[in-house]
Amino acid sequence: MKLEHLLAAGFLAIVLSINAGADTIHVSAGPNSIDQLTASGPASLFATTSNFAPGGLALDAIGNLYVVEQHGFGKIEKFTSGGVGSTFFTGTAEMNLNGGEMLAFDSAGNLFVADYSNNRILKFTTGGEVSVFADGTSGVGRAGGTGIQCQRTSLRFFL
Amino acid sequence: MVGLAGLAFNASGHLFVSSYNANFILEFTPLGVGSVFATDPGDNSLLSQTYGLAFNGTGDLYATNYSNNTISVFTPDGAGSLFASSGLNNPVGLAFDSAGYLYAVNNADSTVVRYDSLGADSLYGTLTERGGSFIAIQSAPEPGTAALLGLGALLLAARRRRA
């Protein structure tokens, strides 16, 4: 390797280190906006949901932002880091959310949703399966979602 | 109705879930087996309409208490204490950034407050709309990682050119 390559590599490394940047903070705010905040300025609008009050937010491993409808049937939308939105999940009569609260991804990329008024946790796999992960109706939590109005692994709702 | 509201995974992949209406935190194994992780002593001092959950880097669980305007912290064995009671106005969402600062979203005044590890608060921002609720933080790429990736790409390019 020539000297100029090494010098160029060193220069690039320095530039990339400097440009690594700060964390990006997203916050849901009513009636249908998601803000972006940085340390250096006021909050700005990052994206607008399709006419629902945004609840929980979570980022997948490649930086897509998921947002759930906090009231109503529990729509979930997905936004790229550039703010381009698409529908991830729409509730049906058989499987819906009743007040979507916090979202969280596990390390395998499954998305979990706190289904507030149904007292349960829903799980969306990367392969497109939605199931009841846990049921909190008893007050101590039960596995498997038995006795809930949808089955554990048999439904598919992804677009 | 217990009103399951907050979710957070610990480093072992266990899911922690807060109950807004019943003031407890549940823990679920990856297979979905649940147990009670923490309860309020009965005086709403630790869990009171608990909403957001977030783990720090050493496995302590933080929780916002919507109605009494506090943040509690729980050690991995479930022992709780008060972390912060300043700067909060019906807090909902909670998240850590990559530097270890904790952020809480205040629903009543749509502000975001930042805490250092000792619990000292500062106003971080005010939202564009009323009704702030949840928060998600995208970590910046590690500077070292970015530099190594850049160096790797350049070495590859140089090698290809020589071949």
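Ile25(A) has Ile137(B) as its bridge partner in E13(B). That pair belongs to a link across the two chains: strand E1 (residues 24-29) of chain A and strand E13 (residues 135-138) of chain B run antiparallel, joined by four bridges. Strands here are DSSP runs of E with at least two residues, helices are runs of H or I with at least four, both numbered from the N terminus, and two strands pair if DSSP finds at least two bridges between them.

A word on the ground rules: this is a predicted model, where local features need pLDDT of at least 70, side-chain atom pairs count only at pLDDT 80 or more, and totals for chains, interfaces and linings use all residues. Residues are numbered from 1 along each chain as its sequence is written, while chains are lettered from A and ligands numbered from 1 in the order in which they are written.

Back to the meeting of the chains. The contact (C-beta atoms, placed from the backbone, within 7 Å) takes 59 residues from chain A and 56 residues from chain B. On the chain A side, helix H1 (residues 3-18) gives the largest share, seven residues.

Chain B also has an open sheet of four strands, ordered E5-E6-E7-E8 with antiparallel pairing. E5 (50-55) and E8 (80-84) of chain B are at the edges with a single partner strand each, so one side of each has no neighbour in the sheet. Within this sheet, Ile71(B) has Ala84(B) of E8(B) as its bridge partner.

| Strand | Partner | Bridges |
|---|---|---|
| E1 (residues 24-29), chain A | E13 (residues 135-138), chain B | four |
| E7 (residues 70-74), chain B | E8(B) | four |

Methods:
Contact = placed C-beta atoms within 7 Å.
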